[in-house]
Amino acid sequence: MIVRVEKHTSQYSVIDNTGLNDIRLGLKARGLLGYLLTKPDNWEVTVQGIISQVPDGRTVVQSALKELELFGYAQYRSIRGEHGRLSGKQ
């Protein structure tokens, strides 16, 4: 049986499947990678920003990000605020 759906012209993303098919990554890391890849190139990613968008909590988000970093899918950069103090990670 073929089920036809209305063609959509917005709210879709085309992303590289490499990370999503990488067997070294767990499901949470793959899901986070998929989420991040849907964002525009100029989108500023912060750990706190991700945490605010998901129900999983800080520990889950941080462990998924560490996994993505371990296998080369993410890099961290410290953000320094006023007076050179660390104000987050990007």
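The structure considered here is a predicted model, in which local features need pLDDT of at least 70 and side-chain atom pairs count only at pLDDT 80 or more, whereas totals for chains, interfaces and linings use all residues. Residues are numbered from 1 along each chain as its sequence is written, and side-chain values use heavy atoms, with hydrogens and water left out.

Helices here are DSSP runs of H or I with at least four residues, numbered from the N terminus. At 46% relative accessibility, Arg24 counts as partly exposed, whereas Asp22 has 10% and so counts as buried. Side chains of opposite charge can pair when their charged atoms come close. The side chains of Asp22 and Arg24 do meet in a salt bridge, at 2.7 Å from N to O; the term requires a side-chain nitrogen of Lys or Arg within 4 Å of a carboxyl oxygen of Asp or Glu. By this rule the count comes to one salt bridge.

Not counting residues up to four places away in sequence, Arg24 touches Glu67, Phe71 and Tyr73, where contact means heavy atoms within 4.5 Å. Arg24 and Phe71 are 47 residues apart in sequence, with 7.9 Å between their C-alpha atoms.

Glu67 lies in helix α3, which spans residues 58–70, and the Glu67 side chain reaches the backbone nitrogen of Gly26 at 2.5 Å. Leaving aside neighbours within four places in sequence, the contacts of Glu67 are Arg24, Leu25, Gly26, Lys28 and Ala29.

The axes of α1 (residues 27–37) and α3 come within 9 Å and cross at roughly 85°. That makes α1 roughly perpendicular to α3, a label given to angles of 65 to 115 degrees. Axes are lines fitted to C-alpha atoms over the stretch in contact, and angles run from 0 to 180 degrees between N-to-C directions. On the α1 side, Lys28, Ala29, Leu32, Leu33 and Leu36 meet α3 residues including Val60, Ala64, Glu67 and Leu68.

Technical notes
Helix = DSSP H or I, 4+ residues; strand = E, 2+ residues; numbered from the N terminus. Polar contact = N/O pair within 3.5 Å; in protein donor to acceptor, adjacent residues only side chain to side chain. Parallel < 35°, antiparallel > 145°, perpendicular 65-115°, else oblique. Buried < 20%, exposed > 50% of the residue type's maximum accessible area, 1.4 Å probe, protein only.
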